[in-house]
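Subject: A structure for you to explore

Hello,

I am handing over the structure we talked about, and I hope you enjoy looking through it. Please open it next to this email and follow along as you read.

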Amino acid sequence: MDSERMHEERSQYTDRAGQLVARMSLAEKVALMSGRYGLPQLVLDGLILGHYNRNPAPAGGNERLGVPELRFCDGPRGVVCGSSTCFPVAMQRGASFDLALEERVGETIGKEIRAHGGNFFGGVCVNLLRHPAGGRAQETYGEDPFHVGQMGAAIVRGVQRHNVVACVKHYALNNQENTRFKVDVTCDERTLREVYLPHFKACIDAGAGSVMGAYNKFRGEHLCHHGYLLREVLKKEWGFYGFVISDFVFGVRDTVQAATGGLDVEMCNTWHYGRRLVRAVRRGKVPESAVDEAALRIVRTLLLFAGTPDPLPSYPRSLILSKDHVTLARQVAEASMVLLKNEGPVLPLDKVRVQAVAVIGELGNRANTGDHGSSRVHPPYVVTPLEGLRRQLGDSAEVHFSNGRRLDEAKKLAAAADAVILVVGYTHRDEGEYIEYGPISWGGDRPHLRLHDRDVALIQALAPLNRNTVVVLMGGSAIMMEEWRGSVPAILHAFYPGMEGGTALARILFGEVNPSGKLPFSIPADEGHLPAFDRTAAQVPYDRYHGYTKFERDGNEPAYAFGFGLSYTTFALSDPDFSERDGQVRARVRVTNSGDKSGAEVIQFYVGFENSEVDRPRKLLRGFKKVGLEPGETKAVEITCPVDSLRWYNPETATWEMEEMVYQAYIGTSSRAC
Ligand code: BGC
């Protein structure tokens, strides 16, 4: 829809919603403002049945006036309700650098939510990966605000195409997990505007209908009460049309502060709103206009989504886990694993020459799709690496497995095999949403970025025994490899690759698919090169630098740079050309597949600020495009970015200012190779 039509349509819904809200009693308006997923149900689902959010969680609605209720389904690795298609985690999808693909993931999720009877998707997570130890790294897309914003906007578009409201979370500055309920983040206004908000704004500009306030505090105030970030920035400055919900259970702490701060819906049940809010209005502690505004926002968004024609005639349950959806889950995994090292080259393995494969490591035969928190999707099956390889190879090769606990057995297998696939890394116990039930806990922030000692010992013991050793890493973000990366010829980062992960992995290892993922974060050679990270901290000051901007400022070489990833073919770039016209900067380059296999490369466009008079990063990503090329084929690639995106935020004037200076432009295949 073009923006003028969208504007017109939206204002019509504002008028209609205004008329409906005017006919509601105070209690009815307040009833729109909270969820109805109560504690008994939460405990039954989460603790007893082991499937939190197994049905869409209801909120709001008004039957008398025909206002639909909200029916919340979580994500982001698919639909948490029922049994649904399980995609690779969002961080892995970030590594695809493929916006069209992410939009298709969004569409698929949108369709499955509709088929489950939902209309609200809580899985657009765009918190920056400020530090790779952040427990929920896997739920977001990476370290760079521009890239994260583009990926987030893509899934918003896809989900909302099926009239499912997309909820963007966790707004904002939510970058560590264990102390999420109390941690107080501070940063200056420039850091806030330039680093920690742009990706949220990109999702709002893409039309996201909802935002979830985070648990943490910013400048001493809880995000779900935050008048400045909710009312001033999001609603007023950005012109956000939709409504704000709280993060579940512990998001709202105070009725008056939340309602006056701009929090529209308390999720997932009524604790601070409901009768307490009615009383607060009656006693004059909350102006009724705040309730009216919240009700208006909720009603107009729901009417807009319910009133927009669906692209499909119906959403039967047969859509869920349909062949197309499961195939897409596999394709996404194939497009997003990152090949970090490939000496020899060891990969791809040759199906004719490899007669015996040893799959070694606990994770080689485990369904490992990510954390066991609110983002846990329940697919009917998960193809493990071992199963994927067995299916891929059929009778053509023997595939042996050892979990590696008995080192002698593993060594024997490794020495006798033609190729060794060592699958190591993390599970939901090591990282993810931090879940605590009394003395039992799992997930959370990582205490360090190394592999477990047992994994390191396994790599060190086995790598010398077989020249064709491939380390396959599982995990949500950067893993330190310095202790062992010199001793293995090939490393593939497979993340948490979803229900078809094992199939995708086998197809990549045996060359049926050429890897094309790129790191959406930097992997350090030394953890000391990252910003400080204390998972017990109650107060954290942020500055403007993390990820590649920090490596570049400090002159530190990462082990693997943001945007890096190898292929089985080679690409040559030529004739770079930069120009400016009609408010757009245009970067052009010719890309040739100079190898002998078809493949895809991610062309990245960075703008440099070396002549700046204020403190700015050396360069920032401002565009990327993934292009597929046959051997010998050349394509001209053009990437544009608005000149306005080169501005910096001047806190003194509270405006985005353009510096009159010569900017650098870089086009290449990673943040280092450009
Ligand atoms: C998480 C959110 C999630 C919500 C609802 C919370 O614990 O922080 O990300 O959307 O639960 O499932």
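This is a predicted model: local features need pLDDT of at least 70, side-chain atom pairs count only at pLDDT 80 or more; totals for chains, interfaces and linings use all residues.

Let's start with the strands. Four of them form an open sheet with mixed pairing, in the order E8-E7-E5-E18. Strand E8 (221-222) and strand E18 (539-541) stand at the edges with a single partner strand each, so one side of each has no neighbour in the sheet. Inside the sheet, E5 and strand E7 (residues 217-218) run parallel and are joined by two bridges. To find this pairing on your screen, look for Val 185, which stands opposite Phe 218 in E7.

Is Cys 187 buried or exposed? Its relative accessibility is 9%, and buried means under 20%, so Cys 187 counts as buried.

Now turn to strand E10 (residues 338-342). Five of its five residues are buried, so the rest of the structure largely encloses E10. Its pairing with strand E17 (residues 490-493) is antiparallel and runs over four bridges. Here Val 338 stands opposite His 493 in E17.

Next, the charges. Side chains of opposite charge can pair when their charged atoms come close. How many salt bridges are there? The count comes to 49, and here are a few to look up:

- Lys 29 and Asp 292 meet in a salt bridge at 2.6 Å, N to O. This pair links distant parts of the chain, with Lys 29 in helix H2 (residues 26-31) and Asp 292 in helix H12 (residues 288-307), 263 residues apart. Lys 29 is buried at 6% relative accessible area, whereas Asp 292 is partly exposed at 30%.
- Asp 45 and Arg 54 form a salt bridge with their closest N and O atoms 2.7 Å apart. Asp 45 is buried at 2%, and Arg 54 is partly exposed at 26%.
- Glu 232 and Lys 236 form a salt bridge at 3.2 Å between the closest N and O atoms. Both lie in helix H9 (residues 227-237), four residues apart, which is about one turn of the helix.

Salt bridges also link Arg 136, Glu 139, Glu 177, Arg 180 and Glu 433 in a network.

Happy exploring!

Methods: Residues are numbered from 1 along each chain as its sequence is written. Side-chain values use heavy atoms; hydrogens and water are left out. Buried means under 20% relative accessible area, exposed over 50%, partly exposed in between (1.4 Å probe, protein chains only). Two strands pair if DSSP finds at least two bridges between them. A salt bridge is a side-chain nitrogen of Lys or Arg within 4 Å of a carboxyl oxygen of Asp or Glu.
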